[in-house]
Amino acid sequence: MKEKDQREWEPAVSFLLKAMERTRTAESRYRYDTELAALYKHLGRTAQADSLRQEALKSSCPLLKSSVV
């Protein structure tokens, strides 16, 4: 997604939101949160990005927690 140009970011957000609706575990959702936060950052939605990053930090997976930037 990071290599895509800006006009493809909004469809990527929609795709991730739909995928998150079908996610059954919190741990899986945290992974989507970090990707979605990166997209929101590119779109200038820093408040939404920060909120999602805070959620991802609740994960029990150390690798996922360390990926939150």
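This is a predicted model: local features need pLDDT of at least 70, side-chain atom pairs count only at pLDDT 80 or more; totals for chains, interfaces and linings use all residues.

Student: Okay, so how many helices and strands does the protein chain have?

Tutor: There are four helices and zero strands in the protein chain, and along the sequence that reads α-α-α-α. Helices (H or I, at least four residues) and strands (E, at least two) are DSSP runs, numbered from the N terminus.

Student: And what percentage of the residues count as buried?

Tutor: Of the 69 residues in the protein chain, 30% count as buried. Buried means under 20% relative accessible area, exposed means over 50%, and partly exposed is in between (1.4 Å probe, protein chains only).

Student: Which residues make up the largest nonpolar core?

Tutor: Eleven residues: W9, A12, V13, L16, M20, L36, A37, L39, Y40, A49 and L52. Helices α1 (9-21), α2 (26-42) and α3 (46-56) each supply at least two of the core residues, and α1 gives the most, with five. A nonpolar core here is a set of buried Ala, Val, Leu, Ile, Met, Phe, Trp, Tyr and Cys residues joined through side-chain atoms within 4.5 Å.

Student: At what angle do α1 and α2 cross?

Tutor: Their axes cross at roughly 160° and come within 10 Å. Axes are lines fitted to C-alpha atoms, for helices over the stretch in contact, and angles run from 0 to 180 degrees between N-to-C directions.

Student: So what does that make α1 and α2 to each other, roughly parallel or roughly antiparallel?

Tutor: Roughly antiparallel. The cut-offs are under 35 degrees for roughly parallel, over 145 for roughly antiparallel, 65 to 115 for roughly perpendicular, and oblique for the rest.

Student: Is the crossing of α1 and α2 left-handed or right-handed?

Tutor: The α1 and α2 crossing is left-handed. A crossing is left-handed if the near helix is turned anticlockwise from the far one by less than a right angle, and right-handed if clockwise.

Student: Which residues meet there?

Tutor: On the α1 side, W9, A12, V13, L16, L17, A19 and M20 meet R29, Y32, D33, E35, L36, L39, Y40 and H42 in α2. Contact means heavy atoms within 4.5 Å.

Student: What about α2 and α3, how do they cross?

Tutor: The axes of α2 and α3 come within 8 Å and cross at roughly 160°, so α2 and α3 are roughly antiparallel. Their crossing is left-handed. Residues in α2 including Y30, D33 and A37 meet residues in α3, among them Q48, A49 and L52.

Student: I saw D33 in there. Is D33 buried or exposed?

Tutor: D33 sits in helix α2 and counts as buried, at 2% relative accessibility. Leaving aside neighbours within four places in sequence, D33 is in contact with M20, L52, E55 and A56.

Student: How far apart are Q48 and A37 in space?

Tutor: They are 7.0 Å apart, C-alpha to C-alpha, and eleven residues apart in sequence. Q48 lies in helix α3 and is partly exposed, at 37%.

Student: Switching topic: how many salt bridges are there?

Tutor: A search of the whole structure finds three. A salt bridge is a side-chain nitrogen of Lys or Arg within 4 Å of a carboxyl oxygen of Asp or Glu.

Student: Which parts of the chain does the R45 and E10 pair link?

Tutor: The R45 and E10 side chains meet in a salt bridge at 2.5 Å, N to O. The pair links distant parts of the chain, with R45 in the loop between α2 and α3 and E10 in helix α1, 35 residues apart. R45 is partly exposed at 27%, and E10 is partly exposed at 35%.

Student: And what about R53 and D50?

Tutor: Their side chains form a salt bridge at 3.2 Å, N to O. R53 and D50 are separated by about one helical turn because they are three residues apart in helix α3. R53 is buried at 15%, while D50 is partly exposed at 41%.

Student: Which residue does K58 form a salt bridge with?

Tutor: With E55, the closest N and O atoms being 2.9 Å apart. K58 counts as exposed at 53%, whereas E55 is partly exposed at 32%.

Methods: Residues are numbered from 1 along each chain as its sequence is written. Side-chain values use heavy atoms; hydrogens and water are left out.
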